[in-house]
Structure formats: C-alpha cells, structure tokens
Amino acid sequence: MTLHRAPSLWSSPRRSPRGMCCLITMLAALLATTNAFPFLFPRVQPRINWTQPELAEWVIEEQPRSIHPHLELTHHPNRTNSEPSDSDAEFLERLRAIKTNRTATGRMLWYDAAAGDGLVYPPFVDKALKLLNLKQVAYEIENSVMSKVTCTACKAGAGMLQHQIQSGKSDEEIMRLIAEYCTNLNIQSARVCQGVSQLFGSELIYVLKRVNLTPDELCSFVIGDGCSDVYNPYHEWEVIFPPVPKPPRLADLPIPLEAAPFFKVLHISDTHYDPHYVEGSNAECNEPLCCRLSSGRPANPNAAAGKWGDYRKCDTPKRTVDNMLAHIAETHKDIDYILWTGDLPPHDVWNQTKEENLAIIKETVKQMVEKFPGIPIFPALGNHESAPVNSFPPPYVNQVDISINWLYDELDNQWRRWLPQSVSHTVRRGAFYSVLVRPGFRIISMNMNYCNNKNWWLLLNSTDPATELQWFIYELQSAEFSNEKVHVIGHIPPGHSDCLKVWSRNFYKIISRYESTITAQFYGHTHYDEFEMFYDPHDLNHPNSIAYIGPSVSPYYDLNPGYRIYYVDGDHDSTTRLVIDHESWIMNLKEANLYGYPIWYKLYTARAAFNMKALRPSDWHNLLNDLTNNQELFELYYKYYWKNSPARPTCDAECKKRMICDCKSGRSHDRKHFCTDVESKIDEESSKSWKSWFYRGLSNSGEETTKEGSAFNTETTTDNNNWGSVDFIIVNIGG
C-alpha cells in the first residue's frame with residue numbers, strides 16, 4: 001500500500017457516550033476470556049486484501065472564501081461589564097426568600113457514592129470481570145483516562161473480533177454473539193446491549209475487514225500513549241507548509257488597552273438536550289443515561305430525577321435549556337456574537353437514529369434563533385451529532401448507506417441562517433468553515449471529529465481526513481498575508497486524549513507556525529471549566545497559544561450547568577484581538593431542585609480570581625506555575641473546574657498532576673514531553689507534606705512523653721537535632 005502524505009498548499013491535492021463505542025471491544029475481550037485467550041497477541045496475522053480508497057480531487061485554492069466582514073457592529077449605550085455577583089450571604093438570603101414563597105415541593109439530591117453500582121455478579125462472571133478488570137476499563141474509557149488495563153482488554157477484544165471475522169462468521173452472527181454476552185453477563189441492560197451491537201458492530205466489522213493491522217497496532221492507534229507507542233507507517237503523515245518564512249516572534253504579546261472597545265461573546269457548549277427527560281423518574285438506572293420514563297421507577301425518593309436536572313447520569317431537560325437561554329437573553333443584552341461548540345443530542349448512544357438527531361439539531365437551532373434574533377452565531381460540530389456517536393466517515397467513504405452527507409447537508413441548511421453563502425462548500429465537504437467577522441478578524445471553525453480516535457473510519461486512512469488541516473494552513477496563510485487575526489473554534493480540544501496523536505501533532509505544528517495570527521482557541525467536549533496551553537515545539541519556555549475549554553450546559557455528570565462570557569479586544573487601531581477577560585456562569589442544581597427555581601450567577605472572573613494582569617499565553621503559563629506551587633490556589637481552580645459542584649470528589653496528588661498536565665499538554669498523548677517537571681514538583685511538595693505530618697506526629701508524641709517524665713527528660717535535645725534525626729529515619733525508610 002502506498003502512503004499518501006498531505007498535499008502541498010499550491011499543488012493539486014491528493015486525498016489520502018463517551019465510551020460506548022468501545023463497549024464492543026470490552027465484550028469481545030470477555031469472549032476472549034472464555035476461550036482461553038488464544039488471540040491476544042498473534043505474532044503472524046493473515047494478510048487482508050485491501051486497496052487504498054479512491055480519493056476525490058478537491059482543489060483548495062479554487063474554493064470561494066469569506067472576504068467581506070460578516071458582523072455589523074451594534075451600538076450598546078453605556079455598556080460596561082456585568083455587575084459583581086452577590087456575596088455568599090446575599091446569595092443565601094435570596095435562596096431563603098425563594099424558599100419562603102415556593103409553591104413546588106423541593107427535592108434534595110443526595111448521591112451515596114459508597115453504595116456502589118448495586119450490581120451482584122455470578123461467580124463465573126465475577127472471575128471474568130476480575131481477570132480483565134472490565135469495571136476499571138469501563139471507567140477509563142468513559143473518562144478518557146487510559147491505562148494498561150484498558151490496553152490489555154482492547155488487544156484481547158480486537159484479536160477476538162479479527163478471529164471471528166477471519167473464521168468466516170457473518171456480521172449478523174458476530175453482532176448477535178456480542179449482544180448475547182453483553183446481556184448474559186449483565187454488563188448492560190438487554191436493550192442497551194442490543195442497540196450497541198447493532199449500531200456500532202456493523203461499522204466496526206466493516207472497518208476491521210478492510211485494515212491489515214495487528215491488535216497491538218489497533219489499540220495503540222485508538223488508545224495512544226496508554227497502550228505503548230507502536231510505530232505504524234500507514235498512520236504517520238505530515239502536513240506541508242508553504243515556502244513562506246515565519247514572522248519574527250515577539251518576546252511577549254502586548255497587553256490589551258484598558259477602556260478600549262471590546263466584543264462581548266457568549267460561549268455555549270455541550271447542551272445535550274434530552275427531550276425524554278422526566279422529573280421523578282429513576283436517576284440511578286444501570287444504563288449510560290437515566291432520568292427517563294424508560295429508566296423505570298426510582299427505588300426511593302432520593303433516586304428520583306430532579307425538576308431541573310440531576311447530578312447523576314442524566315442530561316438536560318428542556319425547561320432548563322429554556323430557562324438558561326431566557327436568563328442569558330435578559331442578563332446579557334449586549335452580546336455581539338455567540339460561539340456554539342457542539343454536542344446537542346443526549347447520551348442515549350445505544351438508541352439514536354439519524355432522524356432523531358437531526359430533529360434535535362433543528363429544534364435547538366430554532367431555540368437559538370428565537371432567543372437571540374439578529375445575533376451572529378458561529379457553530380462547531382460535536383461528536384454526538386452523528387448516529388452512531390463518533391462516526392464521521394471521510395469524504396472518500398461515499399456509499400449512500402454509510403456516507404456522512406445526511407448530516408453535513410443538513411448542517412449547511414441550518415447554519416446558513418448565520419453564515420455567509422461562501423462557506424457552504426466546506427460545510428458540506430467536512431463541516432468546517434472560515435468567516436471574516438470584522439475587518440482584520442476571522443473565525444475558523446474546525447471539525448475536530450477528524451482527530452477523534454473513537455472514529456473507527458480513521459483506521460482506514462488517517463491522513464488529513466477531508467484535507468481539513470491543509471485547508472486550515474491555506475486559510476491561516478491567507479490571513480497572515482492580509483494581516484488578519486484568527487480565533488479557532490471546535491469541539492474536542494486538540495490536546496485531549498480523545499484526539500488522535502498524529503493529527504494533534506500536526507495541529508500543534510500549525511498553531512506554532514501561525515502563532516502571530518491565531519490569538520485564541522475555543523473548545524468544549526470535556527464538560528469541565530478548564531484550558532489548554534500551547535508552546536513552541538522547540539522551546540517549552542515559550543507559550544504561544546491558549547485554548548479556552550468552556551463548561552457544559554449538561555450536568556452529566558456530577559456537574560452544575562454552566563456557560564461562559566468572553567470579552568474580546570474590539571475594533572480600534574491597537575487591537576490585539578486577545579481575550580481581555582472571561583466569566584463563568586453557573587446554576588446550582590441542588591439548590592434549584594430544592595427551592596423549585598434556578599438562579600444563574602457569575603461563579604468567577606478569570607483575572608480577578610487568579611490575580612492575572614492579562615490573559616496572554618504567558619499569563620496562563622505563569623498561572624500554571626502558580627497552580628503547581630500554591631495548593632490553596634489550585635484548590636480554588638479545582639472548585640471552578642468542577643463548576644462548584646457539591647458532588648465533586650477530593651483531589652489527591654495524582655489528581656493534581658493529571659489536571660495540571662492536561663492544562664499544559666495542547667498536544668495529545670505526549671505527557672512525558674510536557675509533564676515531567678510538573679509531576680516532579682508536585683511529588684516533591686507531596687513528600688514535604690508527608691514529612692511535615694510525620695514531624696508533627698513525632699513532635700506531639702515527644703511532648704506527651706516528656707510530660708509523663710520519660711527518657712526524653714534525661715537529656716535536653718535541640719529541635720535541630722530532632723529534625724536531623726527524622727530526616728535520617730525517612731531516608732532509610734525510603735531506601
């Protein structure tokens with residue numbers, strides 16, 4: 001097979017729930033356990049006849065571009081930033097007032113983590129689960145934190161599926177076998193098992209029949225650095241940059257002028273609107289999504305779904321979406337434009353159809369049009385918009401029954417309410433586009449599903465799907481020639497573990513090359529309130545870009561609903577187009593269900609909360625250092641990361657290392673490159689804390705013993721000698 005690298009910019013181009021999509025691999029792993037694992041790591045794999053897909057010709061330079069400013073400025077008299085949020089005392093007083101006048105019955109939502117999942121497995125199943133630790137695998141897949149446990153299960157499942165395919169079993173037989181094992185082993189309910197096997201099984205089998213990869217190669221591709229780094233020349237490629245020198249970089253970016261014109265920007269992400277949410281239904285079902293009539297009756301009052309949403313595995317009810325949009329329209333009447341970064345359908349990924357997902361897209365677009373008439377909206381595509389979830393075939397997969405045209409064509413119809421006609425060709429090709437918002441200011445929306453490592457179609461050919469990255473370079477180079485500044489929007493953050501390593505590596509190079517053009521990036525997907533840093537690949541002391549990751553509207557799961565407001569440097573002679581500041585707004589879900597009505601309030605403002613003089617990449621880099629060294633500041637960040645959720649877990653040293661490393665790693669699956677210094681500092685601080693606890697214990701013990709007239713009284717000992725002795729003891733323990 002010949003590997004086609006990405007085309008040159010000026011040459012004729014050649015083509016080259018969370019987690020539910022991996023359930024089939026887990027089930028296949030169980031099949032492997034019952035067959036004594038004969039297919040875990042085959043040394044010799046039969047060759048599969050596979051030819052390179054036909055690649056459509058698509059000349060980037062011949063496509064129309066948005067070159068006329070799309071946003072008309074609106075004058076907002078006496079506009080200032082929002083009033084400061086209530087103090088805690090004022091906020092509680094408002095809640096008491098609401099409680100006094102409430103008419104609905106409140107419901108306190110308590111989640112007893114100690115109760116477990118309530119499942120009791122037969123002895124045989126329990127042994128099988130322990131053998132591959134599938135509970136741990138399920139947790140890691142759902143939370144995108146992969147380890148060798150998931151890697152082993154992946155290799156077992158991939159080997160078993162390949163064996164079943166090579167033994168001549170039909171697709172229907174394999175899918176039926178998967179559904180039966182899933183049901184009989186009580187991994188999921190019968191309907192979830194059946195839906196998963198039908199929706200995901202046919203696609204996965206289709207792809208596996210057409211690739212010639214070992215289980216090691218497959219799992220390294222999907223999981224990344226959690227499953228070794230197996231070299232695979234079929235999935236190694238590089239984008240090509242035009243022969244234009246990179247402009248000299250500045251030592252640091254200028255701080256935006258105070259009191260200069262600005263844009264007020266709303267960022268909404270991960271709505272996950274559930275049209276089937278029912279108040280009072282079971283919120284503790286044994287399925288990926290609960291709080292529906294089909295979830296059954298709650299076992300007790302505390303297991304019932306709340307009126308405005310729930311901290312358990314439940315998505316957003318319509319009343320909550322409506323209330324949030326009404327609140328935003330009333331509170332932020334001076335919004336200039338909106339960033340909408342995807343994931344509209346709910347997490348019932350075993351039961352979705354193309355028709356239902358399109359209906360949700362149409363309904364949410366209608367909501368946005370009605371609530372924000374005349375305000376430009378710039379959308380990006382999420383991974384949940386497709387059915388099945390994460391399934392985004394590149395353009396060369398053009399068979400009618402598996403092509404993605406059904407989605408992209410409808411997106412073009414819906415998005416044209418806000419976007420110029422010139423972007424229609426790229427939306428229909430790959431759901432990405434570029435729009436000139438104001439003179440010298442452009443927004444580029446990326447389809448990040450072409451970096452999604454749960455998108456099985458990329459196993460066929462991962463080389464710059466839909467030629468998106470090469471098109472991205474073309475747009476950025478044109479913007480550089482025109483002295484335009486660019487904001488990039490998308491759904492999956494490029495440094496997230498869900499983003500394919502080779503794609504993320506190329507994207508990282510593009511950001512570095514055009515650091516003087518790209519002034520901010522905006523994503524969603526994680527549901528948390530966080531950020532990602534980008535650095536010069538050859539100089540990790542030079543931060544060159546910041547990615548803002550906005551909070552989810554959906555509470556799924558253990559979260560409060562939220563949204564972001566950005567203030568962006570506006571139209572004036574010295575504009576930087578940097579983000580001047582941002583605010584995160586939330587609704588306390590527990591209080592809303594308790595008092596019967598939600599209150600949206602400003603949780604924090606970035607610069608004030610973290611004492612930042614600006615929001616340049618260098619300022620965020622300094623904050624990362626402060627978060628590493630200052631535990632009190634980190635705990636504040638952790639509170640905001642979870643959107644002040646009362647259901648948030650505690651965060652130990654390992655948790656802290658993971659979180660700060662996630663912030664520092666704008667390039668996926670490359671933690672060892674970015675995180676060694678962070679991890680060593682946290683380990684050192686953790687060791688100091690342990691020593692301090694140890695010292696205090698000995699000191700207190702010594703004091704008690706002295707009071708009782710022990711041997712410590714016979715000889716006066718200085719503190720210095722005591723500390724030195726303890727250090728000696730600790731060294732010997734460590735050795």
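## Cavity lining, annotated sites and buried elements

In this predicted model, helix α13 gives the most to the lining of the second largest cavity, contributing three residues. That lining comprises 14 residues, and P64, R65, H425, W471 and E475 lie nearest the centre of the cavity. The space within the second largest cavity amounts to about 90 Å³. At least two lining residues come from each of α12 (424–430) and α13 (468–481). Sorted by class, the lining of this second largest cavity holds six polar, five nonpolar and three charged residues.

**Annotated binding sites**

In one, an unreviewed entry lists D343, N383, H491 and H525 under "binding site". These positions are spread over 183 residues of sequence, yet they cluster in space, with a largest C-alpha distance of 8.3 Å. In the other, the "binding site" annotation of the unreviewed entry covers D270, H272, D343 and H527.

| Residue | Relative accessibility | Class |
|---|---|---|
| D343 | 2% | buried |
| D270 | 0% | buried |
| H527 | 2% | buried |

With buried defined as under 20% relative accessible area, D343 at 2% therefore falls in that class. The residue D343 lies in the loop between β2 (337–340) and α10 (354–371). Beyond its neighbours within four places in sequence, D343 is in contact with residues including D270, H272, N383, H491 and H525. The contacts of D343 also include T271, G382, H384 and E385.

D270 is placed in the loop between β1 (262–268) and α9 (318–331). Its contacts, leaving aside neighbours within four places in sequence, are G342, D343, H491, G524, H525, H527, S552, V553 and S554.

H527 belongs to the loop between β7 (518–523) and β8 (530–536). With neighbours within four places in sequence again set aside, H527 is in contact with D270 and H272, and also with H347, P551, S552, S554, Y556, L559 and K643.

**Strand β11 and its partners**

Strand β11 (residues 579–587) is largely enclosed by the rest of the structure, because nine of its nine residues are buried. Strand β10 (residues 562–569) runs antiparallel to β11 and is joined to it by seven bridges. In this pairing, Y566 stands opposite H582 of β11. Strand β12 (residues 600–605) also pairs with β11 in the antiparallel sense, over five bridges. Here W585 stands opposite K602 of β12.

**Helix α11**

Eight of the 11 residues of helix α11 (residues 405–415) are buried, and the helix is mostly covered. The buried residues of α11 are W406, L407, Y408, E410, L411, D412, Q414 and W415. They pack against α10, β3 (377–379), α12 and β4 (433–438). One of these partners, α12, also supplies at least two residues of the lining of the second largest cavity.

Notes: Residues numbered from 1 in each chain as written. Predicted model: local features only at pLDDT ≥ 70, side-chain atom pairs only at ≥ 80, totals over all residues. Heavy atoms only, no water. 1 Å grid on protein atoms, 1.4 Å probe; cavity = no way out; pocket = protein on both sides within 12 Å on 5 of 7 lines; lining within 4 Å. Points joined across faces, edges and corners; volume = space filled by probe spheres on them. Helix = DSSP H or I, 4+ residues; strand = E, 2+ residues; numbered from the N terminus. Nonpolar A, V, L, I, M, F, W, Y, C, P; charged D, E, K, R; others polar. Buried < 20%, exposed > 50% of the residue type's maximum accessible area, 1.4 Å probe, protein only. Pairing = 2+ DSSP bridges. UniProt positions renumbered as here; feature names shortened; annotations may be inferred. Contact = heavy atoms within 4.5 Å.
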